[in-house]
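Please read the following account alongside the sequence and the model.

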Amino acid sequence: MNRRLLTILSGAAVAVVLVVTVCVAVHKCSATGDGITDTEAVVNPLPIDTLLRCNLDEFAHQKRVEGNFAFHVFDITAEKPVYGYNETMALPSASCMKLLSGIAGLHLLGIDYRYETKMMTRGKMAADGMLNGDIAFVAGLHPQLMEADLTPLAQKLKNSGIRKLSGKLYVDLIIDEPVKCEEHWFPWDLSFSRYGLLYKGEQRIVRALRASLRAQGIAVADSQVTVQPVPQGFKTIASASLSIDEVIKRMWKNSSNTQSTSLLYTIGHAIDSTQDPVKTGVRYMNEFLRQEVGVSDSTIVIHDGCGLCTHNRLTPQSLTSILYYGYKDEKIRESLMRNLSVAGVDGTLAREMTGPRIRGKVWAKTGTLSHPYGISTLAGFCKGADGHWLAFAVMSSEMSVLDARVLQRKLCEMLNLHTD
């Protein structure tokens, strides 16, 4: 064999080695974790960031503290997964459950939904301030109405000339019993005093309403009060209104458990006003997840709308699917970007991820439970180095919350945040 042929064969061998090496490297970085493969049908031709995938694979296999750990990153722009590690592992959701209840509520009720509380009258006024008729208070489910908020409503009655009435004071309630803790909640998790007035039961509402009327000089005898639906023929004198956006803001940015539970009541009542609103609301959340989001996973467990129940279970992949669903709806997307906490800026992330690489570049919902030991979650959005929007979710349990937050920060930094 001549020297030229040997040179050609040697070069070919090197080329083969290089090809094999590259293929092995690509194969290693293209692994997307349990349940995700590259053989899935791809409709969107946009590529994902393969360097990000490699970096996430390296991050997933780095040595870390003991405990359950899982995450998932989904490229919204390219409409395909980037990387997952234990992404189908069902773990305690903590307050990231509020993403599901909030998006489900916005889908069902609409972004323009408003809570209305009304003061109404029927009958004719006499010159001496006697209303020859009735007054009605239609409570609704306004979750932020407090006792002091009854004063402007009572003042409107006073300004209309009413000083007493010949008929009845109708109190129309949707909830006549005080809100109860879910059976698995720890007693100190949710303070009853933080609920709005309309969630504190019939006696408390009637007492506050009667006191507000009397404070305005409107005489109402105890015998005139009746708790029942309002008959026909009434006209609205005054009302208190609240947008669902204000409820969602407190749920997501401030992680309010009372607002989340109130929204669950609202969902349940909207579905079937004759049934238990909590059970009906939870059932709807399950149906929404299956039928609208397209997640059918028998390991997922939903007990409430706020995430306080330690028996709740979601997966990182289900959370990114929920986020992706919300992002695709323009109005829900606007609510998400407006009401999620922003890293290092506000809400529950005001003091988290404050470094210059990440501050102001992550919109997310936090979740933390200190019992059982070390439950911490984070799920939200950011823009990757290639300009693509990403949905991510990271979950941990049986791990120090401080250690979990370090991992959450490292993951977000790993996403190579886009610099506008």
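Helices (H or I, at least four residues) and strands (E, at least two) are DSSP runs, numbered from the N terminus. The model is predicted, so local features are given only at pLDDT of at least 70 and side-chain atom pairs only at pLDDT 80 or more, while totals for chains, interfaces and linings use all residues. Residues are numbered from 1 along each chain as its sequence is written, and side-chain values use heavy atoms, with hydrogens and water left out.

The chain contains 11 helices and 12 strands.

Strand pairing comes next. Two strands are taken to pair if DSSP finds at least two bridges between them. Six strands make an open sheet with antiparallel pairing, in the order S2-S1-S12-S11-S10-S9. Strand S2 (80–85) and strand S9 (341–342) are at the edges with a single partner strand each, so one side of each has no neighbour in the sheet. S2 is joined to strand S1 (residues 68–75) by 5 bridges in the antiparallel sense. Phe74 is found opposite Pro81 of S2. Helix H2 (residues 50–60) lies across S1, S2 and strand S12 (389–397), and runs at about 15 degrees to S2. For this angle, axes are lines fitted to C-alpha atoms, for helices over the stretch in contact, and angles run from 0 to 180 degrees between N-to-C directions.

Of the 9 residues in strand S4 (residues 130–138), 7 are buried, so the strand is largely enclosed by the rest of the structure. Strand S3 (residues 114–125) runs antiparallel to S4, with 8 bridges between them, and Lys124 is opposite Asn132 in S4. The two strands S3 and S4 form a hairpin with 4 residues between them, and in the turn Gly129 has a positive phi of about 90 degrees. S4 also has parallel partners. Strand S5 (residues 164–165) is joined to S4 by 2 bridges, with Leu165 in S5 as the bridge partner of Leu131. Strand S6 (residues 169–172) is joined to S4 by 4 bridges, also in parallel, and there Ile135 is opposite Leu169.

Which spaces does the model enclose or leave open? On a 1 Å grid over the protein atoms alone, a cavity is a set of points where a 1.4 Å probe fits but cannot get out, and a pocket is an open set with protein on both sides within 12 Å along at least five of seven lines; lining residues have an atom within 4 Å of a point. Grid points are joined across faces, edges and corners, and a volume is the space filled by probe spheres set on the points. The whole structure has 1 cavity of 30 Å³ or more. The largest cavity holds about 40 Å³, and its lining includes Asp49, Leu52, Asp75, Val82 and Leu390. The largest pocket holds about 630 Å³. Among its 29 lining residues, Tyr265, Asp276, Pro277, Val278 and Lys279 lie nearest its centre. H7 and helix H8 (277–293) are the elements that give two or more residues to this lining, and H7 gives the most, with 5 residues.

Helix H7 (residues 257–271) also holds Ser262. Ser262 is buried, at a relative accessible area of 1%, and touches Tyr115, Pro143, Tyr195 and Tyr199, not counting residues up to four places away in sequence.

Most residues other than glycine have a negative phi. Ser255, not a glycine, has a positive phi of about 55 degrees. Ser255 is in the loop between helix H6 (244–252) and H7, and is buried, with a relative accessible area of 16%. Glu398, likewise not a glycine, has a positive phi of about 55 degrees. Glu398 is in the loop between S12 and helix H11 (401–414), and is exposed, with a relative accessible area of 54%.

Conventions
Contact = heavy atoms within 4.5 Å. Buried < 20%, exposed > 50% of the residue type's maximum accessible area, 1.4 Å probe, protein only.
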